[in-house]
Amino acid sequence: MQSLACPTCGAEVVFRSPALPVRVCDYCRTLVVRYSQSAGAMGEAAVLPFDISPIQIGTEGQCFDQSFSIIGRIRWAWDDGAWNEWLMLLADGSHGWLGEAMGQFMALREVELAGSLAQVIRRLMNDTPVMPGESGNIAGHSYEVADIRTVRCIGCEGELPFAAPAGWEALSVDFRNRDGRCASFQKDRHGPSLYVGHHVALASLQPRKLRALPGWSMPADVA
């Protein structure tokens with residue numbers, strides 16, 4: 001854990017993960033970038049709109065066979081809706097993402113874009129169009145393209161592996177698998193990236209420190 005002064009307002013900015021370079025200041029919402037023992041500013045993060053997610057910064061649980069703590073979030077939107085991507089700091093110091101859309105959750109970890117990948121991924125990397133329903137092998141499992149959309153960031157909070165200013169656009173392609181596995185390809189100004197994982201039920205994460213929501217209680221289903 002490292003504490004630095006926000007270069008804009010001087011407030012204490014705490015980094016829990018030694019591997020992440022960006023933190024949104026809790027007081028002035030400056031995107032603070034860490035450089036060894038100093039910090040710089042990369043603009044201001046947009047205020048996140050209200051949503052009814054039970055997840056929040058500080059939520060804890062179990063995923064990928066180890067404990068985790070939520071330390072960051074990016075909220076993405078497209079023409080017909082929006083979803084959250086929550087950044088998990090795992091017990092071994094690595095990171096994963098908990099995608100949340102319309103009450104459904106996906107646990108994902110980034111994988112190398114190398115080796116034997118589906119032809120559909122190679123086409124996406126080369127900006128060649130693909131269509132929903134196309135299939136291919138990713139990380140040893142068969143997937144098909146579920147949807148393709150251009151998305152934009154509408155806000156972020158907490159610690160992040162990169163700066164996520166409002167209005168930042170990306171190509172997002174989701175893949176599904178009949179065995180409950182899922183994958184997500186993203187291409188943006190940082191380049192292409194690929195994440196694989198599985199669908200999860202909220203209860204299966206054994207979550208603690210959830211946000212209290214009037215009239216809501218934990219679902220009893222377990223993936």
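Tutor: A polar contact is a pair of N or O atoms within 3.5 Å, where, within protein, one must be able to donate a hydrogen and the other to accept it. This model is predicted. In it, the side chains of T30 and T8 make such a contact, at 3.0 Å.

Student: Where does T30 lie, and is T30 buried or exposed?

Tutor: Burial is read from relative accessible area, with buried meaning under 20%. T30 belongs to strand 4, residues 30–35. Its relative accessibility is 5%, so T30 counts as buried.

Student: How many aromatic pairs does a search of the whole structure find?

Tutor: Two rings pair if their centres lie within 6.5 Å; planes under 30 degrees apart count as stacked, over 60 as edge-to-face and the rest as tilted. The search finds 5 aromatic pairs. In one of them, the ring centres of W76 and W168 are 5.2 Å apart and the planes meet at 55°, so this pair is tilted.

Student: Which parts of the chain does the pair of W76 and W168 tie together?

Tutor: W76 is in strand 7, whereas W168 is in the loop between strand 12 and strand 13, so the pair joins parts that are 92 residues apart in sequence. Both partners are buried: W76 has a relative accessibility of 1%, and W168 has a relative accessible area of 6%.

Student: Which residues do ring pairs link into a cluster?

Tutor: The cluster consists of W76, W78, W83, W97, F162 and W168.

Student: Which residues lie over the face of a ring?

Tutor: For a charge over a ring, one reads the distance of NZ of Lys or CZ of Arg from the ring centre. Here R34 lies over the face of F15, at 4.1 Å from the ring centre. R109 lies over the face of F64, at 5.0 Å from the ring centre.

Student: What lines the largest pocket, and how much space lies in it?

Tutor: A pocket is described by its volume and its lining. The largest pocket holds about 520 Å³ of space. Its lining has 26 residues, and W83, A101, M106, R149 and D174 lie nearest the centre. By class, the lining divides into 14 nonpolar, 6 polar and 6 charged residues. Several strands each supply at least two lining residues, among them strand 7 (66–78), strand 8 (81–90) and strand 12 (141–160).

Student: Strand 12 also holds Y143. Is Y143 buried or exposed?

Tutor: Y143 has a relative accessibility of 3% and counts as buried. The C-alpha atoms of Y143 and G180 are separated by 10 Å, while the two residues are 37 residues apart along the chain.

Notes
Residues numbered from 1 in each chain as written. Predicted model: local features only at pLDDT ≥ 70, side-chain atom pairs only at ≥ 80, totals over all residues. Heavy atoms only, no water. 1 Å grid on protein atoms, 1.4 Å probe; cavity = no way out; pocket = protein on both sides within 12 Å on 5 of 7 lines; lining within 4 Å. Points joined across faces, edges and corners; volume = space filled by probe spheres on them. Helix = DSSP H or I, 4+ residues; strand = E, 2+ residues; numbered from the N terminus. Nonpolar A, V, L, I, M, F, W, Y, C, P; charged D, E, K, R; others polar. Phe/Tyr/Trp six-rings, centres within 6.5 Å; stacked < 30°, edge-to-face > 60°. Buried < 20%, exposed > 50% of the residue type's maximum accessible area, 1.4 Å probe, protein only. Lys NZ or Arg CZ within 6 Å of the ring centre and 35° of its normal.
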